[in-house]
Amino acid sequence: MTISAEVLRYTAFTTDPSGGNPAGVVLDATGLDDAAQLAVAAELGYSETAFLTPGPERSYTVRYFSPKAEVPFCGHATVASAVALAERIGPGPVVFETRAGTVPVDVAAGPGGVLAATLTSVEPYVEEVADADVDEALAALDWRREELDPTLPPRIAYAGARHLVLTVATRARLADLAYDFERLAAFMTRLDLITLQLVWRESVDTFHVRDPFPVGGVVEDPATGAAAAAFGAYLRALGGLESEAAVLTLHQGDDLGRPGRLRVELRPGDPRIRVSGAAVRIP
């Protein structure tokens, strides 16, 4: 297959090209069919590659492919794509039309001129998960129920993609992650999950997270914007916030040697979740 498309490489939720989560970005995917987009994503090998088709007035249709399949929404590739666009058409608002719905993104320059993007999620939801399904997830992870944090029970959360949220009581448990890839992938496929959002709470507003992504053909996602948005909705639904207005900091990628920081904002009267982070081009 011969594919003529410029594939850019950015990493999101960091200002360091060796940190955060790498994403492929194709700013003009006009003429690329599903097979071609999947082939590009598979060859690149990042957890996701975003394919943009330009529309009117700074709007774009966006599709996201992992090396194995299309996913409805991807936060880090959204941040990467918005920053890549801003470097070419200038900072400001853009609108991404995704399979999950309309996602507004705003890009602004921060200290030192580094560009950062804030995405606003589609309307989220949170639902309970059956005990048997939690048991299956824990078995695939080789975790025990008594290692979970009882104050933040398991739930499935959605803000563009579905994630199972499991919170643990210690940082050491989160750091020790070695799971059954095929078993977890089968479990996640059955429940239509994109990642597992594995969490340890450091303080009221600071969390450490990890995201296995076997359904995408990737052992672990280094920084996961879609899961961060879902996690914000999860905390709100459980009453785990001190007020309706909250800003959370999520540390991710530290255990992979690719540290990233995700800012998650919840606003009163708006069910949507805002996720922010910098992005830089990978040399």
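Modeller: Start with burial: buried means under 20% relative accessible area, exposed over 50%, and partly exposed in between, using a 1.4 Å probe and protein chains only. This is a predicted model, where local features need pLDDT of at least 70, side-chain atom pairs count only at pLDDT 80 or more, and totals for chains, interfaces and linings use all residues. Residues are numbered from 1 along each chain as its sequence is written, and side-chain values use heavy atoms, with hydrogens and water left out.

Biologist: How do I read a salt bridge, and how many does a search of the whole structure find?

Modeller: Look for a side-chain nitrogen of Lys or Arg within 4 Å of a carboxyl oxygen of Asp or Glu. The search finds 21 salt bridges. One of them joins E127 and R162, with the closest N and O atoms 3.1 Å apart. E127 lies in strand β9 (residues 125–127) and R162 in strand β11, so the pair ties together parts 35 residues apart in sequence. Helices (H or I, at least four residues) and strands (E, at least two) are DSSP runs, numbered from the N terminus.

Biologist: Is E127 buried, partly exposed or exposed, and which class does R162 fall in?

Modeller: E127 is partly exposed at 31% relative accessibility. R162 is buried at 14%.

Biologist: Which salt bridges does E70 form?

Modeller: E70 meets R63 at 2.8 Å, N to O. E70 also pairs with R99, the closest N and O atoms being 3.8 Å apart. E70 is in strand β5 (residues 70–71) and R99 in the loop between β6 (92–98) and β7 (101–109), so this pair links parts 29 residues apart in sequence. R99 is exposed at 54%, whereas E70 is partly exposed at 23%.

Biologist: Now helix α3. Which of its residues are buried?

Modeller: In α3 (residues 131–141), they are D133, V134, A137, L138, A140 and L141. They sit on the same side of α3, because they cover an arc of only 160 degrees around the axis. That arc is taken from the directions from the helix axis to the C-beta atoms. The face turned away carries the exposed residues D131 and A132.

Biologist: What do the buried residues of α3 pack against?

Modeller: They pack against β11 (162–168), α5 (181–190) and β12 (195–201). Contact means heavy atoms within 4.5 Å.

Biologist: Which residues does E220 touch?

Modeller: Leaving out residues up to four places away in sequence, E220 touches L177, R210, D211, P212, F213 and L256. E220 is found in strand β14 (residues 218–221), and is buried at 11% relative accessible area.
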